[in-house]
Amino acid sequence: MLADWWNYEFLRYTLFSGIIIGLIAPILGTFLIVRRLSMMADGLSHVTLSGVAFGMLISKKIAFFSVVNPLFFGMLFSVIGSLFIERLRKVYRAYQDLAIPIILSTGLGLFTVLVSIADGFNQDLYSYLFGSIVTVTFEDLLALLGVAVVVLGTMFLMYKELFAVSFDEEFARVSGVSRRTINLWFMVLVALTIAASMRIVGVLLISALITIPVAASLQIARSFKQAIIYAIVFAEISVLTGLYLAYMLNWASGGTIVLVAVIILLLVLGGKRLRAMLR
Amino acid sequence: MQKDIQQSSVISLDHVFFRYEDGKKVLEDITFHLNKGDFMGIVGPNGSGKSTLMKLILGLNVPSKGEINLFGQPLQKFKEWNKIGYVAQQAAHGASGFPATVREVVSSGLVGKVGMFRRLTAEHRQQVADVIERVGLSAKINERISNLSGGQLQRVFIARALVSEPELLILDEPTVGVDQESIQQFYELLRSLKDETGMTMVIVSHDVSVMMEWVNKVACLQRRLHFHGTTEEYEHNQEEIFRSMYGDSVRLLTHNH
């Protein structure tokens, strides 16, 4: 059965995409969580969803757009949504988390309206919602790979700025770091990652993969770098185990991946408790 | 002549006013100069505008009126932020749960100096280790900051401010929540730094009696500057200053430690 993953092209794409998501989602997730923005992924994923619906609608109505992957509209909407969140966060300085429900509701509202305008889609919308292992195309994989290169490149070149801004915005500002640029760029990366990951884990579950492995890693990490590394390890285990189980049992891939991540989190919490008790 | 004075002064404020958008006046007509090597203590009751004044100097707030110069340059044009080290009021407060080590936090103090898109070199890492040793936390260098005491955490933030080798150090209530013994060590550290590097320092503290033993200049703030001068001048005119700040109804209570 394991050999299927190599023999069937679509499974190979799924596997590669899964590995890439398991790498970049927890990296961005670690920064999001320490900045208390863990809901951000939720907000943006709903905006992405409306973008995908828009892409499907436009390709249904206008023949020219039928060749454009709706994913790119998802990315576009997601990036616009992220810029909007940054803007709202500035307007409501004292209620910064207000930006997220606003953007989430907007995304979902737009999505339902677009779906009703289109009078249903023949493409499988369900796979965008919950993820599917059979719908990943080569184009999807390339888009994800592109996003991953940008995320990893940013981490290589701007890690210290991202750390400084996440740890203490005021100090970073006083050090001459352009906080606004860093924040904006980071949000764009989160938006792109969410959009590019949706085919495999699904829009509704991508935020889980961004946050749950990090939640587990924060329990045991002894440094910020370690927190990122453990989060990646947990995410990769979740993705690989989840994909395999989903294929074998014919379960929804996104849901299976998230459940494995939750089990890892519970094991880490339980293990920690056990260690404290044995001491 | 005027130019010479400007250049030797590290901080100079010229009739600076600050008010919030709703019109509430926070600072009025603040004028003072600070020369290289000075150690100035800023005192004043809660809400007297001390932190706001620090934020003005750091460019975090913009004055409604007046001019601020840093190292002889107008604040608006000032770019050499790595010349300034800053320890914020309760910097330790929100950060204590953050999953970072002493080394990681102190390294982040180099972010402005190293510059965008560059990575820390071996030399930078040595500087980080040296400054951590300087504040006496070498044994804790790889410890998560959540495992440190209040006094230790405060030293981490001082190390972060010092690692870029600033010429001006600004400390806003750095001793809040720190035990007496650590406060003593803290001031001793500042003094030895000052002796070695000739660093200029500004400290905001409500614990006036302890601070007075270490600073050479004092500024008394209560929306306006009610006094600024040397420590000796302050001690001579203490009663008068207090009357000016709090009104006649308040008697000066002296207490001996």
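**Figure 1. Surroundings of A:Leu28 in the predicted model.** A:Leu28 touches A:Val151, A:Leu189, A:Val190, A:Thr193 and A:Ile210, where residues up to four places away in sequence are not counted; two residues are in contact if their C-beta atoms, placed from the backbone, lie within 7 Å. This is a predicted model, in which local features need pLDDT of at least 70, side-chain atom pairs count only at pLDDT 80 or more, and totals for chains, interfaces and linings use all residues. Residues are numbered from 1 along each chain as its sequence is written, while chains are lettered from A and ligands numbered from 1 in the order in which they are written. A:Leu28 is also among the residues with the most contacts inside the largest nonpolar core, together with A:Val190, A:Leu209, A:Ala261 and B:Ile170. That core has 162 residues. A nonpolar core is a set of buried Ala, Val, Leu, Ile, Met, Phe, Trp, Tyr and Cys residues joined through C-beta atoms within 7 Å. A residue is buried if 20 or more other C-beta atoms lie within 10 Å of its own, exposed if 12 or fewer, and partly exposed in between, with C-beta atoms placed from the backbone.

**Figure 2. Helix 9 of chain A, residues 179-201.** Helices (H or I, at least four residues) and strands (E, at least two) are DSSP runs, numbered from the N terminus. The largest share of the largest nonpolar core, 13 residues, comes from helix 9 of chain A. This helix has 23 residues and reaches 31 Å from its first C-alpha to its last, close to the 33 Å expected at 1.5 Å a residue; the expected span is 1.5 Å times one less than the number of residues. A kink of about 25° is centred on A:Ala195, the bend at a residue being the angle between axes fitted to the seven residues ending there and the seven starting there. Just after the helix, A:Gly202 takes a positive phi of about 90°.

**Figure 3. The contact between chain A and chain B.** Chain A and chain B each contribute 23 residues to the contact. On the side of chain A that touches chain B, helix 7 (138-167), helix 8 (169-174) and helix 11 (224-249) of chain A each supply at least two residues. Helix 7 of chain A gives the most, with seven residues. The residues of this side divide into 14 nonpolar, three polar and six charged. Here Ala, Val, Leu, Ile, Met, Phe, Trp, Tyr, Cys and Pro count as nonpolar, Asp, Glu, Lys and Arg as charged, and the others, Gly among them, as polar.

**Figure 4. B:Arg155 in helix 7 of chain B.** B:Arg155 lies in helix 7 (residues 150-162) of chain B. B:Arg155 is classed as buried because 25 other C-beta atoms lie within 10 Å. Not counting residues up to four places away in sequence, B:Arg155 touches B:Val135, B:Gly136 and B:Leu137. B:Arg155 and B:Leu137 are 18 residues apart in sequence and 7.9 Å apart in space, C-alpha to C-alpha.

**Figure 5. B:Ser48 and B:Arg223 in two loops of chain B.** B:Ser48 lies in the loop between strand 3 (39-43) and helix 2 (50-57) of chain B, and counts as buried because it has 22 C-beta neighbours inside 10 Å. Leaving aside neighbours within four places in sequence, B:Ser48 is in contact with B:Leu221, B:Gln222 and B:Arg223. B:Arg223 belongs to the loop between strand 9 (217-222) and strand 10 (224-230) of chain B. With 18 C-beta neighbours inside 10 Å, B:Arg223 counts as partly exposed. Although B:Arg223 is not a glycine, it has a positive phi of about 65°.

**Figure 6. B:His15 in strand 1 of chain B.** B:His15 is found in strand 1 (residues 9-19) of chain B and has a positive phi of about 45° although it is not a glycine. Most residues other than glycine have a negative phi. B:His15 is classed as exposed because 12 other C-beta atoms lie within 10 Å.

**Figure 7. Confidence in chain B.** The mean pLDDT of chain B is 86, and 91% of its residues reach 70 or more; pLDDT is the predictor's confidence in each residue, from 0 to 100. Among the elements of chain B, helix 1 (residues 2-8) has the lowest mean pLDDT (51) and helix 4 (residues 102-107) the highest (96). Over residues 1-7 of chain B the pLDDT is below 50. Where pLDDT is low, the predicted coordinates should not be read in detail.
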